[in-house]
Amino acid sequence: SNPHLKYILWLDGDTVVANPAISIHQRLDDIQQQQQQIITRDGFENNNTNNKNTTNFCMIWSEDMVGPNSGVFILSNTRTGKQLVRDALLADVSKERFRDQAALTLITKTNSTYQDCTILVGKKDATLLQSRVRGQSMFLYKKNDWVLHLSNHNRIELLQSITKWLPTSISTTTTPLQS
């Protein structure tokens, strides 16, 4: 709980920052510009996205093929943002396959405070937060995308995906460490 941090960027263990030159602030500006095109679905249609902006939010996340995806999200370092995470940790979603995703979906659908401060970036603009290396073309990685989410890949697919995107100047062979 560092009061000097304004935002917290959550990245799952199967993500790679593909373009570290993009800052959170730049990405928030990009999302704000696309705000009119943010699409909501399922329980999120009650959100009044027209009144939301990236200067007053508790969490920003995006949709993928099956709904909201918690692999990459931006959390505001505020009392509400931190309480959202606490409430998600306490949510009873033990029977769900992706518990973190289910918990965040549940609390943002059922709690009016979180409905009012959560921005769900729709499928059309999902690559503002995360891209993929397989799946529907709208989610696929393009040069200069910010974060690459390699969800549901096995280890071989992960390594092949990562080496596919490495610059050719980086060696993929190991060299002995020198003391």
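Predicted model: local features only at pLDDT ≥ 70, side-chain atom pairs only at ≥ 80, totals over all residues.
Is tryptophan 61 buried or exposed? That was my opening question, and I looked it up before anything else. Tryptophan 61 is buried, with a relative accessible area of 0%. Since buried means under 20%, the call follows directly from that value.

Entry 1: The mean pLDDT of the protein is 78, and 73% of the residues reach 70 or more. Helix 2, residues 79-90, has the highest confidence, at a mean of 94. Helix 5, residues 155-165, has the lowest, at 65. I also marked residues 36-50, where the pLDDT is below 50. In the model, that stretch has 30 contacts beyond its near neighbours in sequence.

**Entry 2: the strand around tryptophan 61.** I found tryptophan 61 in strand 3, which covers residues 59-64. I then asked how many residues of strand 3 are buried. The count is 6 of the 6, so strand 3 is largely enclosed by the rest of the structure. On the strand 5 side, tryptophan 61 stands opposite leucine 120. I also noted alanine 126, which is 65 residues from tryptophan 61 in sequence but 8.4 Å from it in space, C-alpha to C-alpha.

**Entry 3: the sheet, pair by pair.** Next I traced the sheet, which is open and has 4 strands in the order 1-4-3-5. The pairing is mixed, and here is how I logged each pair:

- Strand 1 and strand 4 run antiparallel and are joined by 5 bridges; leucine 11 stands opposite valine 72 of strand 4.
- Strand 4 (residues 67-76) and strand 3 pair in the antiparallel sense, also over 5 bridges. A hairpin of 2 residues joins strand 3 to strand 4, and aspartate 64 has glycine 67 as its bridge partner.
- Strand 3 and strand 5 (residues 118-121) pair in the parallel sense over 4 bridges.

Entry 4: Helix 2 touches strand 3, strand 4 and strand 5, and its direction makes about 140 degrees with that of strand 4. Helix 3 lies across strand 3, strand 4 and strand 5, running at about 75 degrees to strand 4.

I then turned to how the two helices meet. The axes of helix 2 and helix 3 (residues 99-110) come within 8 Å and cross at roughly 115 degrees. The crossing is right-handed. Helix 2 brings Leu84, Asp87 and Ala88 to the contact, while helix 3 brings Ala103, Leu104, Ile107 and Thr108. By type, I have these contact residues down as 5 nonpolar, 1 polar and 1 charged.

**Entry 5: a lysine for contrast.** Last, I picked a residue in a loop. Lysine 143 lies between strand 5 and strand 6 (147-149). Its relative accessible area is 73%, and lysine 143 is therefore exposed. Alanine 18 is 125 residues from lysine 143 in sequence, and the pair are 8.7 Å apart in space, C-alpha to C-alpha.

Definitions and conventions: Residues numbered from 1 in each chain as written. Heavy atoms only, no water. pLDDT = per-residue confidence, 0-100. Contact = heavy atoms within 4.5 Å. Axes fitted to C-alpha atoms, helices over the stretch in contact; angles between N-to-C directions. Left-handed = near helix turned anticlockwise from the far one by under 90°. Nonpolar A, V, L, I, M, F, W, Y, C, P; charged D, E, K, R; others polar. Buried < 20%, exposed > 50% of the residue type's maximum accessible area, 1.4 Å probe, protein only. Pairing = 2+ DSSP bridges.
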